[in-house]
Amino acid sequence: MLRFLTAGESHGKALTAVVEGLPAGLGVSEDAINAQMIRRQLGYGRSVRMKLEADHVEIVSGAMGGQTIGGPVALRIENRDARADEPPLTRPRPGHADLVGIMKFGFDDARRALERASARETAARVAVGALCRTLLNEFGIQVCSHVVEIGGVAIRTRPERWDDIPSLAEASELRCVDAGAEGEMRAAIDDARQRGDTLGGVFEVIALGVPPGLGSYVHWDRKLDGRLAQAVMSIHAVKGVEVGPGFEMARTPGSRAHDEIFWTRGRGFFRETNRAGGTEGGVTTGAPVVVRGAMKPLSTLMSPLRSVDIKTKEAITGAVVRSDVCAVPAAGVVGESMVCFVLADALLEKFGSDSLADIKLAYEAYLRRIKEM
Ligand code: EPS
């Protein structure tokens with residue numbers, strides 16, 4: 001249905017994204033996309049690269065008069081820190097794609113791998129996600145994220161209402177809803193920076209207003225939870241994904257692991273819990289869709305780990321290059337973007353994909369039908 005490709009190197013001229021499958025008639029603006037781009041650049045613990053760049057998206061094609069026309073939408077983000085000639089990097093960093101890139105392609109310079117492996121590529125994903133978010137907003141679907149853990153410091157409190165998470169997260173530099181834990185996370189980041197170390201953590205993406213019935217249980221590759229997991233796992237440095245409290249439920253008996261079903265006239269079917277994280281059988285239930293991503297600590301260390309020079313085979317340490325101490329808040333924004341993409345794809349799959357007006361008619365008819373059940 002919906003697909004996208006990104007192109008561009010971390011220090012190349014620009015990042016480019018092509019999004020295909022957006023319906024015609026969707027209002028799009030560079031301002032709306034750029035509002036999302038800024039969110040990815042924030043966060044305590046990021047490197048000076050984020051101050052050098054002011055990620056600005058240009059809509060190159062696919063829209064006329066501020067609306068999509070059904071053709072591919074091309075987006076472009078110029079790199080301010082473009083660099084043509086850099087000395088070869090021969091000291092692969094454990095944990096980065098340096099060595100596997102060198103081995104896979106036969107390179108003698110890790111820069112040929114890292115330029116594309118760099119998390120800079122996520123800027124293009126956020127631009128794509130912003131277009132998908134615009135589509136979801138047309139259907140009352142809101143996607144937000146917050147940081148639930150950094151460097152082993154986890155949040156201890158969270159708002160009872162899902163709807164209160166976005167404003168609290170947005171007001172926090174670490175995108176954290178627990179001010180006490182945020183202070184400790186910040187101290188942990190300062191401490192890691194002093195030691196030349198890096199920190200990982202966990203972000204949680206929440207989609208509110210998602211109707212029941214997106215995704216499918218009939219095939220492995222159509223299950224929405226599987227598609228969300230792939231999309232979130234594909235984000236740089238993410239090594240674990242769970243839907244809802246997935247790992248906790250593995251340790252909980254069935255009598256306390258599911259969401260009991262109730263029905264009242266007027267409200268129809270409803271649940272009082274959301275242990276499923278918004279999907280059952282790979283299909284959305286109508287409850288908030290909750291996806292967590294576990295990010296490993298970034299692999300560029302200022303106190304580098306042991307490695308081997310690829311030319312001399314001498315035992316040395318990994319290359320020290322500019323990098324972040326912690327990028328979990330930014331990864332949360334990228335996580336939102338990937339979830340927006342998957343949900344937009346599933347929405348178009350269920351309700352049609354040519355024209356926004358037709359999709360809305362199908363959507364409203366569906367909502368009427370399930371309300372009467
Ligand atoms: C990033 C851009 C990169 C890094 C970071 C994320 O820029 P540079 O390498 O020029 O400093 O700051 O990427 C990584 C941490 C990584 O390991 O690739 C960005 O735009 O988000």
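**Close-up views: salt bridges and nonpolar cores**

D98 is buried, at a relative accessible area of 0% (buried is under 20% relative accessible area, exposed over 50%, partly exposed in between, with a 1.4 Å probe and protein chains only). Everything here comes from a predicted model, where local features need pLDDT of at least 70 and side-chain atom pairs count only at pLDDT 80 or more, while totals for chains, interfaces and linings use all residues. Residues are numbered from 1 along each chain as its sequence is written, and side-chain values use heavy atoms, with hydrogens and water left out.

**View 1. D98 pairs up with R93.** The two side chains form a salt bridge, with the closest N and O atoms 2.8 Å apart (a salt bridge puts a side-chain nitrogen of Lys or Arg within 4 Å of a carboxyl oxygen of Asp or Glu). R93 is buried, with a relative accessible area of 6%. Side chains of opposite charge can pair when their charged atoms come close. By this rule the model has 31 salt bridges.

**View 2. K360 reaches E138 in a salt bridge.** Here the closest N and O atoms sit 2.5 Å apart. The pair ties together distant parts of the chain, 222 residues apart: K360 belongs to helix α11 (residues 356-371), and E138 to the loop between α5 (122-137) and β7 (142-150). (Helices are DSSP runs of H or I with at least four residues, strands are E runs of at least two, and both are numbered from the N terminus.) K360 is partly exposed at 25% relative accessible area, and E138 is partly exposed at 33%.

**View 3. E170 meets R39.** Their side chains form a salt bridge at 2.7 Å, N to O. E170 lies in helix α6 (residues 165-170) and R39 in helix α1 (residues 30-41), 131 residues apart. Buried or partly exposed: which is R39? R39 is buried, with a relative accessible area of 14%, whereas E170 counts as partly exposed at 39%.

**View 4. M185 sits in the largest nonpolar core.** This core has 87 residues, and I33, L75, V143, I150 and M185 touch the most other members (a nonpolar core is a set of buried Ala, Val, Leu, Ile, Met, Phe, Trp, Tyr and Cys residues joined through side-chain atoms within 4.5 Å). Helix α10 (residues 328-351) supplies the largest share, 15 residues. Leaving out residues up to four places away in sequence, the contacts of M185 (heavy atoms within 4.5 Å) include V147, I155, L174 and C176.
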